[in-house]
Amino acid sequence: MRPTSIIRFEQLFLTSLAIGVINVILTWDTTMAAIQADPNSAALGPNFAYITTAFGFGINLLLWYLAARKAVGAVKWILLVLMVIGVLALPSSFAILPPLNLAIGLVLTIMQAIAVYMLFRPDSKKWFVGEKTVDLDKTFE
């Protein structure tokens with residue numbers, strides 16, 4: 001049985017990915033215009049955006065699966081590093097994103113930060129070291 005913190009991680013992380021897909025759809029025209037405006041990016045071709053977007057979501061789904069379903073402890077550190085990089089990159093978004101997309105980005109960052117926090121809770125630590133049965137009554141004491 002998975003601990004409550006892992007279940008919460010999964011809910012927050014997958015919801016943030018779903019919102020991220022919506023955000024990508026909403027900003028796709030802007031993204032493609034930015035790629036076409038930069039000669040170096042334009043030289044990579046239009047498929048580059050599709051491939052990198054799909055690759056990014058694929059990596060996130062793999063990390064979710066390894067953390068929430070397979071209890072691979074190293075993944076929580078990878079997610080922490082990626083989340084910190086995302087937080088550090090956030091200020092550069094202020095100048096280029098429309099207000100709605102900026103708000104979505106902030107919500108996603110907060111959701112991902114809480115999701116990563118769930119990976120470091122005491123019941124999650126037990127999950128990652130192999131204790132698959134957790135006392136759910138003591139999870140959030």
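S16 lies in helix α1, which covers residues 4–37, where helices are DSSP runs of H or I with at least four residues, numbered from the N terminus. The model is a predicted one, in which local features need pLDDT of at least 70 and side-chain atom pairs count only at pLDDT 80 or more, while totals for chains, interfaces and linings use all residues. Residues are numbered from 1 along each chain as its sequence is written, and side-chain values use heavy atoms, with hydrogens and water left out.

The side chain of S16 reaches the backbone oxygen of F13 at 2.7 Å, a polar contact (a pair of N or O atoms within 3.5 Å, where within protein one must be able to donate a hydrogen and the other to accept it, and residues adjacent in sequence count only if both atoms are side-chain atoms).

Two residues can be set side by side by their relative accessibility, where buried means under 20% relative accessible area, using a 1.4 Å probe and protein chains only.

| Residue | Relative accessibility | Class |
|---|---|---|
| S16 | 1% | buried |
| A71 | 10% | buried |

A71 is found in the loop between α3 (47–68) and α4 (74–96). Most residues other than glycine have a negative phi, yet A71, which is not a glycine, has a positive phi of about 55°.

Key: Helices (H or I, at least four residues) and strands (E, at least two) are DSSP runs, numbered from the N terminus. Buried means under 20% relative accessible area, exposed over 50%, partly exposed in between (1.4 Å probe, protein chains only).
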